[in-house]
Amino acid sequence: MSETILELKGVEKYFGDFVAVERINLSVKDGEFFTLVGPSGSGKTTMIRMLVGMDKPSRGDILMAGERVNDVPANRRPTCMVFQSLALFPHKTVGENIEFPLKLRGEAKHNRKTRAIELLEQLHLSESYYSKKVSQCSGGERQRVALARALAFDPQILFFDEPLSALDYRLRKTLEKELKDIQRRTGKTFVYITHSLEEAMVMSDRIAIMRKGRIVQVGTPDEIYNGPANGFVAQFMGEVNEFRVSRKDAQWLEDLDSDAQYPAPPDSPVDEGVLIVRPERIRMLSEEETADSRFEGVVEHQYVLGSRVQYQVRVKQRAFLVETMIGQPYQVGDSVSLGWDADQSVLMSE
Amino acid sequence: MNAPVPSSVSRSEARGPGEKGSALPVRDRGLKALAGWARQPGFLLSLPALAVFIAGFVGPLALVVIYAVMPARSFGVEHLPTLENFVTIFQDSYYLSFAWSIGLALASTVILMLICWPVAYGLSRVFRRSMILTLLLVLPLFVSENVRLFGWVLTLLNHGILDGSLRTLFGWEVPDLLYNVPVTILGMVYVYLPFMLFPMALGVSMIPEACREAAFDMGATRWQVFREVEIPLAMPGILIGALLTFVLVLGSISEAKILGGQSVIMIAHDIETAFTYAQNWPLGSALSTLLILLTGVLVIGLLSKLNLDKLLSRK
């Protein structure tokens, strides 16, 4: 279970002078749900194309189950990819699509059909879909058909190239959970790429964040959420409060852009850098509540985000973002106190 | 006041007007629909084109069909219809010309499919933005077909360009190349190549790259990708190309005459002869009618299986 199934050693890819992917070292464990996250242009698509075998790395090695596969073409690798466009065959029925990898292997018609219907069932599609045309299926159904086809191939590693990006929000949420569930049930290694860290957080065991062809941070969702490696990762996750600071003493940091002082996160070796505080880690304080820091300010804006509310609070020349559960009685113009505990913030060098 | 009427009579009388009543609205509805259709601006605007179409296309075609049932060697359409021309066709050896035309059309179509696939593939995938290549393929179409065929004749002729050059340069003797069936097919393949190539290239460009990659990713060999993905997805383009070339070769005449030196007689040649030397318009018309029927059955049969709208809108 914890064996390394996929390993990248110093992988680089150039297109002419353009460096698409640089010095990638990475290992994925067997049975893991691993996600590569990055904005567009970060090199994640180049990465997955090399992993599937549709591109060759310019330098470095890709190892699958300990064997170097750099020169093994896609059709001889034990991997399969669900494409962003899904790449379902429009001239084949749903059943024929799912059976395609089995047909290539020369499996008997009867066995193929049994397996296809089994997979349809596993993905919550009724048997009647077997003879439907792909064009008769909705977006979510096509998604399931594409996944069923990939599962029929029975790959050692299953790759996903942002397959959910074209779907509406609710369906995407449903399928994210379903995908995670299928991964757990089949015990297969899933390597997923997406530009949405939120999506990655929901599904992944581990996440690698990419920026400009390099990996910035690798870790569990928890590790990344609580300890972003730098400002890029922190911002990538959503809006955060960022303060440029320098150390005053063991307990306090001075804001370089104002005269405010913030409590220093414990055990941080950094003396100058960026202090990051998530909006939901800042609390509105009542008279008797205390925190490691306390600021008095005025609510400037209020944004309702569904179950949560975000407030922009003006404290002298600084604006703080504070997120609370909905139902708190603050109005624009109210005077409020806010603060956070030192261990709820992260200090990182720039 | 009225005498009581037996109930059966009253029922049958009641049914009479009832039937009439239900028939009239149907006809009314039909007429109304027709009137509504005729009032539509689309129909009115199409009237001039429709008139030209009827006068220039349907009219002559009808005339040909009428001539086909006139007595042999008549030059008017006032005679009683007869099927004697068709009897002549089936008794005489015209079936040979039909057979040659169909056979050569089949052969050229198959050869063109084989030649054009790699070219279409290159045209739509490798040299996508190369106008020059497309232009080079289209330009010969602006030169008269006969001129181009005579160019071939000059090249392949005994003591022509090819023979003469090889003889002078290397002292090689080139055997007689002209006036046989293979050179006829060569001419047809040469002349009708664009008609296969461009629809086929359109078909090839309709294959989504991701489908090809997905098949490959799932373990398909190059051949399996070709057979399972590329051919079926490019099929509309292939069919249109095949249809065009088949129909064009079926009605062709110059290749067999100029390059083939009449080593085979095509049906179009027979039709020409009937209208000119033989001065037998009805026979020529009957032959034409048969050819049109043959082509029509083929075209309609194939097109009914083909969704042209889908093909053209997806490009």
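Tutor: Domain bounds here are those of an automatic or database domain assignment. On that basis chain A has domain 1 (4–234) and domain 2 (239–348). The model is predicted, with pLDDT of at least 70 needed for local features and 80 or more for side-chain atom pairs, while totals for chains, interfaces and linings use all residues. Residues are numbered from 1 along each chain as its sequence is written, and chains are lettered from A and ligands numbered from 1 in the order in which they are written.

Student: How many residues from domain 1 of chain A and from domain 2 of chain A does the contact take?

Tutor: The centres of these two domains, taken over C-alpha atoms, are 39 Å apart. The contact (C-beta atoms, placed from the backbone, within 7 Å) takes 5 residues from domain 1 of chain A and 6 residues from domain 2 of chain A. The domain 1 side comprises 2 nonpolar, 3 polar and no charged residues.

Student: Why are strand β16 (residues 295–305) and strand β19 (residues 335–339) of chain A called paired?

Tutor: DSSP must find at least two bridges between paired strands. Strands, as DSSP runs of E, need at least two residues and are numbered from the N terminus. Since 4 bridges join β16(A) to β19(A), the pair qualifies; the two strands run antiparallel. G297(A) has V336(A) as its bridge partner in β19(A).

Student: What lies between β16(A) and β17(A) in their hairpin?

Tutor: There are 2 residues between them, and G306(A) in the turn has a positive phi of about 80°. β17(A), residues 308–315, pairs with β16(A) in the antiparallel sense over 7 bridges. Y303(A) has Q310(A) as its bridge partner in β17(A).

Technical notes: Two residues are in contact if their C-beta atoms, placed from the backbone, lie within 7 Å. Ala, Val, Leu, Ile, Met, Phe, Trp, Tyr, Cys and Pro count as nonpolar, Asp, Glu, Lys and Arg as charged, and the others, Gly among them, as polar.
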